[in-house]
There are 2 protein chains.
Amino acid sequence: MKTILIKSVELNGKPVDILIEGNIIKRIARYLPDETNIVLNGRKKAVIPGLVNMHTHAAMTLFRGYADEMPLMPWLEEKIWPNEAKLTHEDVYWGTKLACLEMIKSGTTAFFDMYHKFPATARAVEEMGIRAMLSSACFDHFQPEQAEKAKAHTNKLFAGMGAYSERIKFALGPHAIYTVSGKLLQWIDTFSKENFNTPIHIHLAETETEVKNSISQFGYTPVRYLNRLGILSPRLTIAHGVYVDDEEIRMLADKGVKVVHNPASNMKLASGIQFKFAEMKKAGIPVAIGTDGCSSSNNLDMIEAMKLASLLGKGWRKDPVALTAGEMLFAATEEGAGMLGFKAGRIEEGYLADLCLVDLNTPAFAPNFNFVSNLVYAANGSCVDTVVCDGKILMQNKQVPGEEEIIEQTTQIAYNLMSR
Amino acid sequence: MKTILIKSVELNGKPVDILIEGNIIKRIARYLPDETNIVLNGRKKAVIPGLVNMHTHAAMTLFRGYADEMPLMPWLEEKIWPNEAKLTHEDVYWGTKLACLEMIKSGTTAFFDMYHKFPATARAVEEMGIRAMLSSACFDHFQPEQAEKAKAHTNKLFAGMGAYSERIKFALGPHAIYTVSGKLLQWIDTFSKENFNTPIHIHLAETETEVKNSISQFGYTPVRYLNRLGILSPRLTIAHGVYVDDEEIRMLADKGVKVVHNPASNMKLASGIQFKFAEMKKAGIPVAIGTDGCSSSNNLDMIEAMKLASLLGKGWRKDPVALTAGEMLFAATEEGAGMLGFKAGRIEEGYLADLCLVDLNTPAFAPNFNFVSNLVYAANGSCVDTVVCDGKILMQNKQVPGEEEIIEQTTQIAYNLMSR
């Protein structure tokens, strides 16, 4: 079996050797003998679990910087949706390749995606070597015939999952309560229950407009509406959850729902900044961190996302002690991995070998009184030197094989998309 | 005269050649002949003005990550001030070297500093090759004998300025209204008027506590208090200015006062997040951006600071169109340079040759529909490949000569400081 030995890397401030066998962290000790296939030099590097980006629309790298500084609805209606309608499988494949490249380069080894053209996304993820839970964005716009199409599409995708490696998992992706009817949401929930508790990913309680419309259209706030539909469950992960009151937090906690905080997107789109991280955690809700798609946030750097989450939380609460660096790192690793059902997110024997070596030989880690503080508050994604996912080396010396081609091809694909 | 020719670099989306003669941008044209000393290849790179960090305590790199997640007063009283009392010239010299290294690596070519041990700071800046306006932090803690010491120290430092190159300018650094008496503030203002309008840098209106104490101690809010003292003038730059009402904005504008916004510090220390960037700009106040010292913010990355300023402003205003990437880049270049009195901050013939080449061959710039948007919203300091300041190449291929030694030495200096 193929093994990797990482020599003398810092773990919690102490040098260790780490043996990876297959796709598992097999042993961690002060010294391990060097009888292995591949040796990685860990000197002046620290090891961290691969980061987990819990809310993305990966292929939207194609839209990076295409239409910033616009109000939400004109932005969607004039810039995003007309171009998304033109997307081909080839476009999504390259957009996702670029997203995976960007994630690897900034230390992310798993992500939770929602987008169109599932097979193209999956193919890109397979090739790039990282882990993903992929949901196909699902809409019916309250039209019964579109609902039937969505159901057929879901059945077809689910039936085809055997084709993929264990790095790729399937999830259901009802887009939002304003684009998916209550009936289709309930069908999706039933589908989930009947099919191995397939996870469900939905945008929820993201903007004040959504809340207002939810009350006028359904008679309830978004969380209460889903509760009335009976689809709050441990199978559900909601992205955003900015607008939830104390009773709704209780509902989410009681039903085992998971939440993903996306600070950059919430700030940049001006959706709302008072995300109740502390209250949700206190209630027992798992809370992870995401970047959202590059059209809104505009990168996939989870180290930046951790910093933003912490600083924004401290800022609006007027509490410099809230949302610590350690809590952010937990949210961005173990919490996310657990939510995806991967035994990853910890540097511990028996866990999946999804990890990064961080270059300590940079100003961000000088001095290094507190590694986690430096990682979250001083560094950014560029500190990641080496990435291992599923026991395979995806990046070394900050270089991913083939990265120039991916950048060039995807850039061309994006220009073609907008001009055709 | 020594010349540098940058070939085929992107400027506003078009390739140009840029000729630097001495420390000046001499010519910019589609094609310039290659008869020069040094040629820099600008292919797949874009040129931007060197960034200007308008509020730092450079040597506080020594305190990076030393004491995070603490409330402000225990943090200052237990962690910062006791260690600052032990600082030697050698400590400050190395701390500033590391700060300059970090700034160069992330594209900053000028900064406005306030700290202790002025000569040590100046020596480090001279060696590292960037530009700075340095103010010596000045306190009297309302003690007349300390005020006399501060005056003598100011006179001595000012008299010694002939020793430095033109890259270094002198400013007066009264720390804050709660550490410097009104009488000393007025003496400083008079000193400034009588000595070539020497700039003055002060922390002002940073926290609610400061405002409350100002009212109870002086009978006025901070800006009104300085107005009563008669020291609002174009010679004054205030750092923070988070707590100012409409009338105070009018006062600052009428008196020509300049303001520096420090989004990371204001968020992390939970000082306040509703900085009135748009209102100040509308009133005609020059507003620049700073990072603050590494003990509070915890890096010196001005590209990150631009993103934070924009996202925070959009966020608290609930306006996705506020604080555009273009406005942020202006604030972080031309506005700052102008406030320091350097003819820099623009890539234009006749301006100082303070500039960066940004590596476009990275995911942050793929696709590159809008370079400024990608720079501010998608990139971070690590995109900077080459830095020229005052006509000299300080970094090429992301490497600054001697950087490993600076990181190692300063790390050791910081550990020694805390343990002695």
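**Close-up views of a predicted two-chain model**

**View 1. Surroundings of Lys268(A) in the predicted model.** Leaving aside residues up to four places away in sequence, Lys268(A) touches Ser296(A) and Ser297(A) as well as Leu311(B), Lys314(B) and Pro320(B). The model shown here and in the views that follow is a predicted one. Lys268(A) counts as buried because 22 other C-beta atoms lie within 10 Å, where the cut-off for a buried residue is 20 or more.

**View 2. The contact between chain A and chain B.** In this view 54 residues of chain A are in contact with 54 residues of chain B. On the side of chain A that touches chain B, the elements giving two or more residues are α2 (89-105), α9 (263-268), α12 (302-317), α14 (371-378) and α15 (403-419) of chain A. Of that side, the largest share, seven residues, is supplied by α12(A). Sorted by class, the residues of the side of chain A that touches chain B comprise 28 nonpolar, 14 polar and 12 charged.

**View 3. The packing of helices α2(A) and α3(A).** The axis of α2(A) and that of helix α3 (residues 118-128) of chain A come within 8 Å and cross at roughly 35 degrees, and the crossing of α2(A) and α3(A) is right-handed. From α2(A), the residues His89(A), Val92(A), Tyr93(A), Thr96(A), Lys97(A), Cys100(A), Leu101(A) and Ile104(A) meet Pro119(A), Ala120(A), Thr121(A), Arg123(A), Ala124(A), Val125(A) and Met128(A) of α3(A). By class, this contact of α2(A) with α3(A) holds 10 nonpolar, three polar and two charged residues.

**View 4. The two domains of chain A and the contact between them.** Chain A is divided into domain 1, made up of residues 3-49 + 354-403, and domain 2, residues 51-340, and the C-alpha centres of domain 1 and domain 2 of chain A lie 29 Å apart. In the contact between them, 20 residues of domain 1 of chain A meet 23 residues of domain 2 of chain A. The elements that give two or more residues to the side of domain 1 that touches domain 2 are α14, β15 (384-389) and β16 (392-395) of chain A, with the largest share of that side, five residues, coming from α14(A). By class, the side of domain 1 of chain A that touches domain 2 of chain A has 13 nonpolar, three polar and four charged residues.

Note on methods
Residues are numbered from 1 along each chain as its sequence is written. Chains are lettered from A and ligands numbered from 1 in the order in which they are written. This is a predicted model: local features need pLDDT of at least 70, side-chain atom pairs count only at pLDDT 80 or more; totals for chains, interfaces and linings use all residues. Two residues are in contact if their C-beta atoms, placed from the backbone, lie within 7 Å. Helices (H or I, at least four residues) and strands (E, at least two) are DSSP runs, numbered from the N terminus. Ala, Val, Leu, Ile, Met, Phe, Trp, Tyr, Cys and Pro count as nonpolar, Asp, Glu, Lys and Arg as charged, and the others, Gly among them, as polar. Axes are lines fitted to C-alpha atoms, for helices over the stretch in contact, and angles run from 0 to 180 degrees between N-to-C directions. A crossing is left-handed if the near helix is turned anticlockwise from the far one by less than a right angle, and right-handed if clockwise. A residue is buried if 20 or more other C-beta atoms lie within 10 Å of its own, exposed if 12 or fewer, and partly exposed in between; C-beta atoms are placed from the backbone. Domain bounds come from an automatic or database domain assignment.
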